[in-house]
Structure formats: structure tokens, C-alpha cells
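This report goes through the strand pairing, the nonpolar core and a helix pair of one model. The sequence and structure come next.

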Amino acid sequence: MAELENKIYLTKETLKQYEERLKYLQEVARPQVIEEIKEARNQGDLSENAEYDAARDKQAAIENEISEIQHILDNYELISEDQQTNMVKIGSTVKLQYVSDANKYLEVQIVGALDADPFNNKISNSSSLAKAILDKKVGEQIEVDAPKKYKVKIVEIK
């Protein structure tokens, strides 16, 4: 399971957003800040030049973000959304039934940490619930290792 946690799982939409952001940073933001630095340099004494300091800070932030995005793009794995399987995988949408309350259901999609959005039932593959149900099949009953343990039954995998 440790290998899974080192990978960065992305949906097609998130991958596209990162690619577009990287292109913007490299083609628009970086050249703009280089111009700002040139203009600030032309104003003379750099030791008391607030515009120069601000431009250098902005440049550092842009370069840092470029580096972070490049790391993601160098280490991602695309989540397959059209996989038909009888086992829970990253990308699966899973309908669960709480064992303690047969009338209570939960439907979640397992995504990578960067796509996780618990308010929209998208949970990270590194969450307790996802770890418990990954590689399980419909009909299985699983205990989730959370601060307050609970059991769920897999009703459906999409």
C-alpha cells in the first residue's frame, strides 16, 4: 500500500487544470515578473527598492509553484473513469450501507488526495474509509479503522 501513497492520482479534469496553470505560469507570469524586475532595477539603488524586493518575492513564488506543478506532472497517474470492475479501485464510485443502520447509505468516489472533496463525496485514497474498501467486492462487510470504528457493507461499485 505504501507504493499507492507515493503516487499522485489525478482525474482528467485536474490534470488539464495543472497543465493549463503551468503553461500560464511559464508563458505569462514568469515573463511579466522578469519585466517587473528589470524595471525595478532601472530605478537605481536596489538596497532600498521595495518594488525590486516585491518583484523578487513574486518571482520566487512563481518558480516555486512551477516546481510543485512539474513534480505533480512528473509523478501522476491518471484515474481511469471507465474501468468496469467488480473490485473497488481508485476512481470507483461505491455505494455503502452502514451495518449498524440498514437504512443508512453512503455513496463515495475514491480519488487522489489532490481531487478529494468530502463535501461532494470525493474521498482521498489515503482516507481510512478508502483504505478499508479498496480491493474489496460487492457484498463484503468491512470494518473501517477510524477513531470510532464502524462497519460498512459494499452494495454497489460503479
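V94 has I157 of strand β7 as its bridge partner. The model is predicted, so local features need pLDDT of at least 70 and side-chain atom pairs count only at pLDDT 80 or more, while totals for chains, interfaces and linings use all residues. Residues are numbered from 1 along each chain as its sequence is written, and side-chain values use heavy atoms, with hydrogens and water left out.

**Sheet**

Five strands form an open sheet, in the order β5-β4-β3-β7-β6, with mixed pairing. Strands here are DSSP runs of E with at least two residues, and helices are runs of H or I with at least four, numbered from the N terminus. Two strands pair if DSSP finds at least two bridges between them. β5 (122-124) and β6 are the edge strands, each pairing on one side only. From one strand to the next, the twist averages 45°.

| Strands | Sense | Bridges |
|---|---|---|
| β3 (residues 93-98) and β7 (residues 150-157) | antiparallel | five bridges |
| β6 (residues 141-144) and β7 | antiparallel | four bridges |
| β4 and β5 | parallel | three bridges |

Between β6 and β7 the chain runs through a hairpin of five residues. I142 stands opposite V152 in β7, and Q109 stands opposite K122 in β5.

**Core**

The largest nonpolar core has 22 residues. Such a core is a set of buried Ala, Val, Leu, Ile, Met, Phe, Trp, Tyr and Cys residues joined through side-chain atoms within 4.5 Å. V88, L96, I110, L129, I133, V152 and I154 have the most contacts inside this core. Two or more residues come from each of β3, β4 (105-111), α4 (128-133), β6 and β7. The largest share is that of α4, with four residues.

**Helix pair**

The axes of α2 (residues 12-41) and α3 (residues 50-75) come within 9 Å and cross at roughly 160°. Axes are lines fitted to C-alpha atoms, for helices over the stretch in contact, and angles run from 0 to 180 degrees between N-to-C directions. The two helices, α2 and α3, are therefore roughly antiparallel to each other, a label for angles over 145 degrees. By class, the contact of α2 with α3 has 16 nonpolar, three polar and 10 charged residues.

A60 is placed in helix α3. At 46% relative accessibility, A60 counts as partly exposed. A60 and N103 are 43 residues apart in sequence and 53 Å apart in space, C-alpha to C-alpha.

Notes:
Parallel < 35°, antiparallel > 145°, perpendicular 65-115°, else oblique. Nonpolar A, V, L, I, M, F, W, Y, C, P; charged D, E, K, R; others polar. Buried < 20%, exposed > 50% of the residue type's maximum accessible area, 1.4 Å probe, protein only.
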